[in-house]
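Student: I would like a close look at one part of this protein. Please start with the whole chain and then zoom in.

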Amino acid sequence: MSAGAAAGQVDEAVANAMAPFEIDGTREGKLDIWDAWYITGGQANGGGFNVLPGRERDPRLIRSRRWDRKSERPPQDFGWCAGGPRELLDFSASREEALRLAEAAWRRWHELAAELPPADPWRAYRDRAEAEFGWHDGAQVSADHRAQPLVRAFDAYLRTLPTRRFSYWFLQGPDPVEDVGRSERETFVAEKVAYALRRRNVLTLSGWWYEHGGPGIHGECHGPATCPHEPELPAGQERVDGYLSDLPGDTLLVNVKCHV
């Protein structure tokens with residue numbers, strides 16, 4: 001939808017676009033996708049879109065709604081939003097950059113490991129607590145584990161890396177001793193890169209729903225088995241990701257969380 005045409009009626013426009021995929025049991029099951037949804041985004045771990053630097057206060061940006069869809073939720077991070085014109089959103093995070101960061105993290109762990117005392121894995125702290133008390137406090141176990149000099153130094157290093165535009169858990173893990181220290185470089189890098197970029201289900205301008213990189217589902221038809229139309233995009237997550245970044249600048253993108 002054009003930003004100018006839809007800016008004042010975002011919720012209504014999204015509701016109309018989403019309607020063909022509401023769970024109602026009247027068509028093929030693949031079209032029964034959601035029974036509730038709301039517009040969300042505004043923090044790194046809450047989904048949404050990165051905002052281009054310098055455009056964080058642009059009034060055309062869309063902010064999170066509450067579940068009742070009647071009021072906005074104040075943003076926790078103005079660098080993120082629930083949507084807006086594509087030209088205001090930042091799709092710059094790349095697989096190549098993620099690969100470089102993951103390799104740097106693996107290399108830095110092993111440099112630190114050569115300088116600092118060895119660290120025990122998280123499960124060793126859990127087992128000690130259970131042996132002594134018969135149970136374990138997960139928060140305390142994690143705090144004790146993260147206080148080890150090697151783990152603490154690695155956590156401090158990760159905070160210096162420019163990972164803000166990647167998914168929240170990129171390079172983060174509950175136990176770097178196991179996650180980094182006991183993984184081969186190729187294995188660690190491949191696993192981290194695979195989850196670095198946000199994976200989105202996308203509803204296109206032509207009413208095709210793409211989920212997990214699979215084939216599209218056309219909202220105008222009774223179901224995939226009887227749909228005579230050619231899909232708007234070939235299957236594959238990279239096609240879906242590229243579709244969003246290649247849209248015209250005035251196309252309004254909206255991040256929606258569904259209950260399925």
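Tutor: Begin with the contacts. This is a predicted model. Of the contacts in the protein chain with a separation of 6 or more, 68% join residues 24 or more positions apart. The chain has 9 helices and 9 strands. Its C-alpha atoms fill a box of roughly 60 × 45 × 35 Å along the principal axes. Of its 260 residues, 39% are buried. The chain exposes about 14200 Å², and carbon and sulfur atoms supply 51% of that. There are 32 positive and 40 negative charges, and their mean positions are 4 Å apart.

Three strands form an open sheet in the order 5-6-7, with antiparallel pairing. Strand 5 (202–203) and strand 7 (217–218) stand at the edges. Each has a single partner strand, so one side of each is left without a neighbour in the sheet. What holds such strands together? Strands of a sheet pair through backbone hydrogen bonds, either parallel or antiparallel. Take strand 5 and strand 6 (residues 208–210): they pair over 2 bridges, in the antiparallel sense. Leu203 has Trp209, in strand 6, as its bridge partner.

Next, a single residue elsewhere. Asn50 lies in strand 2 (residues 49–50). Is Asn50 buried or exposed? Its relative accessibility is 7%. Buried means under 20%, so Asn50 counts as buried. Which residues does Asn50 contact, leaving aside its neighbours within four places in sequence? They are Gly79, Trp80, Leu88, Leu89, Asp90, Arg164 and Arg165.

Technical notes:
Residues numbered from 1 in each chain as written. Predicted model: local features only at pLDDT ≥ 70, side-chain atom pairs only at ≥ 80, totals over all residues. Heavy atoms only, no water. Helix = DSSP H or I, 4+ residues; strand = E, 2+ residues; numbered from the N terminus. Buried < 20%, exposed > 50% of the residue type's maximum accessible area, 1.4 Å probe, protein only. Contact = heavy atoms within 4.5 Å. Areas by Shrake-Rupley, 256 points an atom, 1.4 Å probe, with all protein chains shown as cover. Lys, Arg positive; Asp, Glu negative; His and termini not counted. Charge placed at Lys NZ, Arg CZ, Asp CG, Glu CD. Pairing = 2+ DSSP bridges.
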